[in-house]
Structures are given as structure tokens and as C-alpha cells.
Amino acid sequence: TSSGVFLLQMGWGDLGAFGEPSKETPNLDQMAAEGMLFLDFYTANPLCSPSRAALLTGRLPVRNGFYTTNGHARNAYTPQEIVGGIPDSELLLPELLKKAGYTNKIIGKWHLGHRPQFHPLRHGFDEWFGSPNCHFGPYDGTERPNIPVYRDWDMAGRYYEDFKIDLKTGEANLTQLYLQEALDFISKQQASQQPFFLYWAIDATHAPVYASKQFLGTSQRGLYGDAVREIDDSVGKILKHLQQLGISENTFVFFTSDNGAALISAPKQGGSNGPFLCGKETTFEGGMREPAIAWWPGHIPAGGVSHQLGSVMDLFSTSLSLAGLQPPSDRQIDGIDLLPVILQGKLIDRPIFYYRGNELMAVRAGLYKAHYWTWSNSWEEHSKGIDFCPGQSVAGVTTHTQEEHTHLPLLFHLGRDPGEKYPL
């Protein structure tokens, strides 16, 4: 069984299948109708790089090294100035899948370090087309160069210089390039009857948002919606390609996000976290509960809906299980194998841990969530207009000072109160 993971930066409320009112994701909605929708699926951190490290290692960021210790509850990520990255001691999913003869490709954002020792081809991937970071910029090219785009070991160019992004119009054809890379890779593996792992980690919905010409101005939701529509179209084309090649029944596909929609760029370039509180960078539901869809025709019963508490770390264990491999026994693995959930509709009892940096902020067990610390962001940032919860102030909950509740946790019932507005 081959497997594909689509990892994007989108909010729970960005998909029609999750109730987005303009219904502009027909392909993802179709994917959900043909597969299984996870309504209680989480990332391991409300920020890009720790989440990606967690997905590929099956381990919490506090174990795999992607966390900060600077005061309580800061998030850790890897801008181009940071020289660290994924430790050699970590075993990544593609490294393990190699043992079962898989060919592995990453398309898009890596975000686990940009120095040579952190290169994805040193950590189990056979091919890469994309960038070590997001498409920030443009920069001046001297003091601060534009971010590079790689093809395997070689730099193929830089964002804004060789890979054009027009910040005025939002036009860029990057998603089309990433789509073509995916289709070509799948065709090549199918022709050689080679099992593959494709990690499609594109960044069009990460501010500054972009879309290609044919999608610009087509959404009710502005440029962000245009980007979502293009991603949706691409997912549809990839799934159709698997079907046309006759390998859809041998390919497990999972769609999810690395964190909640970033409300800091709202309303112009922010997504939607549906009914949930706050967004990216916070450990409220809007920051960590993600849209998630599993698709595997002929195996996953169509139209399934699961309330299993799931995590991006489970994709590590589940993918190994699909390949007939055991997770490494020499380290703590935090992901669980979701196959019994997906194939037999079982529910596995497990908690969800909400971390920021090395601080355990909250825990979910069943329908209850306990906050041990609350904090959105500092008054200092807030006074400069940086707001992770715009228009969503809940007294005593969305605090701008770091509030400790370890003696009497702030408790919510997420079934009755998914927006975390009424502490019990």
C-alpha cells in the first residue's frame, strides 16, 4: 500500500464538509463523502515546524527537539535565521518506510532546518521539490537573501526571483508546479510498480497568500479563498489521477493541516476555524483542532464520520502499520495506529496534549478539556496590533498575561461548548 499525506495550513472551518458557508471545496467535500471525516483531529503544536516534526517522527515536539524554553508557552519555529533543525537521532517516517522498499518524496515546505545536515534527502526522502521554509519576502538579496527552492540536492532558484509571487495581485503558479510534481511522481512509481510515500506540504494558504491566474478573484472569500479553491482543485486532480492509474485501492490518502488558520492575518488573509476559539499559535481549539479526511477506496467505508481523538502523530504509526512495519521500540512514540478506527469504526481511548514550547498548556480526555495555563499573546504584542484571537475575547480565558491554573484547571465540555466560552 502506498500512502500520501497532504499537509496544508488551513482551518477547521475552511472546508464545505465542515460547514464553510460558501461551499468552495467540492473536491475535498467529495473526498470526505467517499472516505472518513475526523471531527476531533489535532496537531501536536499550534505552529508549523514543531507540527511537521511531530508528524514525521510520531513524537511530541518536547521529545523531538522542536520546542522553546524561553519563559512559559512560547512556540518554536525555524525562520531562516535559526541554524537548528531535526536531530540525527530522530527516526523519520520515510527513513523507516525505506526498509519496506518505499520511494519517498516531499513536495513543498520542509521546515525542519535548512543546513546541509537537516536536508530532507538526509532523512529518508529520495526526492524533494520545494523549500526549507515559507515563501516569506521579498528580501533585499544582500543583507537577507530570498528563500531558496530546491530540486533534490540542488537549489533551483529563489522565491520572488526565479519563482514569481506578485504580492500586489497575489498571483503565483507555485501550486500548479507542486501539483504537476505530484502527478509526475505518482505516474513514475506506478509505472515501475513501486510503493511510494508522497508528502504534499504546500503553502499557498500561508500569508502572504497566493493563487494562480485562473483562480484569482473566483472565491467569495477573497485571495485566501482563491488559494483554498486551487488547493481543493489540486487534491481532486491527484485523487482522480490515482483512480485513472488504477492504484486508488492500493493508496491510503490523508488530508490535514499543521495548525489552525492564522487569525493574525485576518480578515484579509486569514482562514476560518469554524466554531472554535482563537487560531494558530494558541492552544485553544482554533489553534490545534484540524480538518482531517482519510480516503482509501475499497477499504474505508464511504461517508464515515469518526469522533476518535486523533493526532498528526498517528499518521506516523498508521503509515508504518500499512507498510507492515513496527514503530521503533527504542523510544517513546506518541502516535497510535488508526487502522482499527478507519477500517472497523473502533474508538481508542487516548488523551490529547496541547503544548506550547515545553509547557503543557491543556489536556483533552473524552469530551473534557482542562487548561493548566491560558495565554493568547502578550499585551506588548497586542498593543502593536498582533492578535491571535481577533474579535474573540472570553474573560479569564483568552488572557494576555500567562495565567496558571494548575491547582484548579479551567475545565470545558467540548461537546456542549466547542467554543470554550463557558468554564465549568
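In this predicted model, R63 has a relative accessibility of 35% and therefore counts as partly exposed, since that class lies between the under 20% of buried residues and the over 50% of exposed ones. The side chain of R63 meets that of D334 in a salt bridge, with N and O 2.8 Å apart, and D334, at a relative accessible area of 16%, is buried. The pair links distant parts of the chain, for R63 belongs to helix α3 whereas D334 sits in the loop between α8 (314–322) and α9 (339–344), 271 residues apart.

From this pair one can turn to the chain as a whole, whose secondary structure comes to 10 helices and 17 strands. For 424 residues, a compact globule would have a radius of gyration near 22 Å, and the 20 Å of the protein chain agrees with that expectation. Along its principal axes, the C-alpha trace spans about 60 × 55 × 45 Å, and buried residues make up 60% of the 424 residues. Among the contacts with a separation of 6 or more, 69% come from residues 24 or more positions apart.

A search of the whole structure finds 19 salt bridges, and one of them joins E90 to R59, whose closest N and O atoms are 2.7 Å apart. Because E90 lies in the loop between α3 (61–64) and α4 (93–98), and R59 in the loop between α2 (48–57) and α3, this pair ties together parts that are 31 residues apart in sequence.

Another salt bridge brings together the side chains of E181 and R151, at 2.6 Å from N to O. Here too distant parts of the chain are linked, with E181 in helix α5 (residues 174–191) and R151 in strand β5, 30 residues apart. E181 has a relative accessible area of 12% and is therefore buried, while R151, at 38% relative accessibility, counts as partly exposed. Salt bridges also form a network, in which D40, E285, R289, R364, K369 and E420 are linked.

Strand β5 (residues 148–151) runs antiparallel to strand β6 (residues 154–158), and 4 bridges join the two. The bridge partner of P148 in β6 is R158. Between the strands of this hairpin there are 2 residues, and D152 takes a positive phi near 55 degrees.

The side chain of D387 instead reaches the backbone nitrogen of C389, at 2.9 Å. Leaving aside residues up to four places away in sequence, D387 touches L263, I264, N377 and H382.

Definitions and conventions. Residues numbered from 1 in each chain as written. Predicted model: local features only at pLDDT ≥ 70, side-chain atom pairs only at ≥ 80, totals over all residues. Heavy atoms only, no water. Pairing = 2+ DSSP bridges. Polar contact = N/O pair within 3.5 Å; in protein donor to acceptor, adjacent residues only side chain to side chain. Contact = heavy atoms within 4.5 Å. Salt bridge = Lys/Arg side-chain N within 4 Å of Asp/Glu carboxyl O. Buried < 20%, exposed > 50% of the residue type's maximum accessible area, 1.4 Å probe, protein only. Rg over C-alpha atoms; globule rule 2.2 N^0.38 Å.
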